[in-house]
Amino acid sequence: MIEVFVISISNPLLIGIYNDKQLIEEIKQEGMTSDILPIIFKEIINKYDLRGVYYVNSPGSYMSIKVSYIFLKTLCITKKIPFFASDGFNFNNNSPIKALGKKYFIKENDTIKVDFLDNDIKIHDFKLPNNLNNKLFSENTLPIYNLPAV
């Protein structure tokens with residue numbers, strides 16, 4: 001059973017292809033999500049019979065999250081396959097995630113705040129998991145906005 005996991009909240013965009021929850025192929029691509037996501041998925045759909053899609057719905061680049069949500073939700077509706085979401089902290093060792101300017105999203109005790117970083121905090125890159133763990137994902141796939149409206 002082939003499933004795809006998309007991390008679009010940072011650059012490069014990361015896409016993992018999983019067979020029976022095991023990572024079998026990793027795609028890393030620089031560029032704007034709106035430009036590269038359709039091209040990558042055209043190749044994936046031509047090569048594999050997708051049975052599920054997972055993505056990161058918070059926090060990070062809101063435009064990328066919105067584009068990913070609309071594209072992936074539409075794909076899942078048209079192909080009648082399940083769609084799941086998780087927050088990005090599950091895939092970067094709970095490291096701060098770039099927000100606006102010099103501020104970062106920081107997760108402490110299941111609460112996400114936006115703040116400046118202390119000098120001694122190390123930033124970890126996002127990494128696709130070797131195994132898809134359904135416990136990390138939810139059927140609530142709407143993008144989650146952690147910043148107040150401007």
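The legends below describe close-up views of a predicted model.

Local features are described only where pLDDT is at least 70 and side-chain atom pairs only at pLDDT 80 or more, whereas totals for chains, interfaces and linings use all residues of this predicted model. Residues are numbered from 1 along each chain as its sequence is written, and side-chain values use heavy atoms, with hydrogens and water left out.

**View 1**
Helices (H or I, at least four residues) and strands (E, at least two) are DSSP runs, numbered from the N terminus. Helix 1 has 15 residues, which at 1.5 Å a residue should span 21 Å, and its end C-alpha atoms are 21 Å apart, which agrees; the expected span is 1.5 Å times one less than the number of residues. Thr33, Ile36, Leu37, Ile40, Phe41 and Ile44 are buried in this helix, where buried means under 20% relative accessible area, exposed over 50%, and partly exposed in between (1.4 Å probe, protein chains only). Seen down the axis of helix 1, these buried residues fall within an arc of 125°, so they line one face of the helix; the arc is that of the directions from the helix axis to the C-beta atoms. Ile39, Lys42, Glu43 and Asn46 are exposed on the face turned away from the buried side. The buried residues of helix 1 pack against strand 1, strand 2, strand 3, strand 4 and helix 2, contact being defined as heavy atoms within 4.5 Å.

Helix 2 covers residues 62-79, and its 18 residues should span 26 Å at 1.5 Å a residue; the end C-alpha atoms are 25 Å apart, which agrees. Its buried residues are Tyr62, Ser64, Ile65, Ser68, Tyr69, Leu72, Leu75 and Cys76, and, seen down the helix axis, they fall within an arc of 160°, so they line one face of helix 2. These buried residues pack against strand 1 (2-7), helix 1 (33-47), strand 4 (50-58), strand 5 (83-87) and strand 7. On the face of helix 2 turned away from them, the exposed residues are Met63, Ile70, Ile77 and Thr78. Just after helix 2, lysine 80 takes a positive phi of about 55°.

**View 1. The largest nonpolar core.**
A nonpolar core is a set of buried Ala, Val, Leu, Ile, Met, Phe, Trp, Tyr and Cys residues joined through side-chain atoms within 4.5 Å. The largest such core has 42 residues, and those touching the most other members are Phe5, Val6, Ile7, Ile15, Phe41, Ile44 and Leu50. At least two residues of this core come from each of strand 1, strand 2 (13-19), helix 1, strand 4, helix 2 and strand 5, and helix 2 gives the most, with six residues. When its neighbours within four places in sequence are left aside, isoleucine 7 is in contact with Leu13, Leu14, Val56, Phe91, Phe126, Lys127 and Leu128.

Three strands form an open sheet in the order 6-7-8, with antiparallel pairing; two strands pair if DSSP finds at least two bridges between them. Strand 6 (97-98) and strand 8 (111-116) are the edge strands, each pairing on one side only. Strand 7 (residues 103-108) is joined to strand 8 by six bridges. Within strand 8, isoleucine 112 stands opposite lysine 107, and aspartate 115 is the bridge partner of tyrosine 104. The hairpin of strand 7 and strand 8 has two residues between the strands, and in this hairpin asparagine 109 takes a positive phi near 55°.

**View 2. Salt bridges.**
The structure holds five salt bridges, each a side-chain nitrogen of Lys or Arg within 4 Å of a carboxyl oxygen of Asp or Glu. One of them joins the side chains of lysine 21 and glutamate 3 (3.1 Å, N to O). Lysine 21 lies in the loop between strand 2 and strand 3 (22-29) and glutamate 3 in strand 1, so the pair ties together parts that are 18 residues apart in sequence. Glutamate 3 counts as buried, at 2% relative accessibility. Arginine 51, which is partly exposed with a relative accessible area of 41%, forms a salt bridge with aspartate 49, the closest N and O atoms being 2.6 Å apart. In the salt bridge of lysine 113 with glutamate 108, the closest N and O atoms are 3.5 Å apart.
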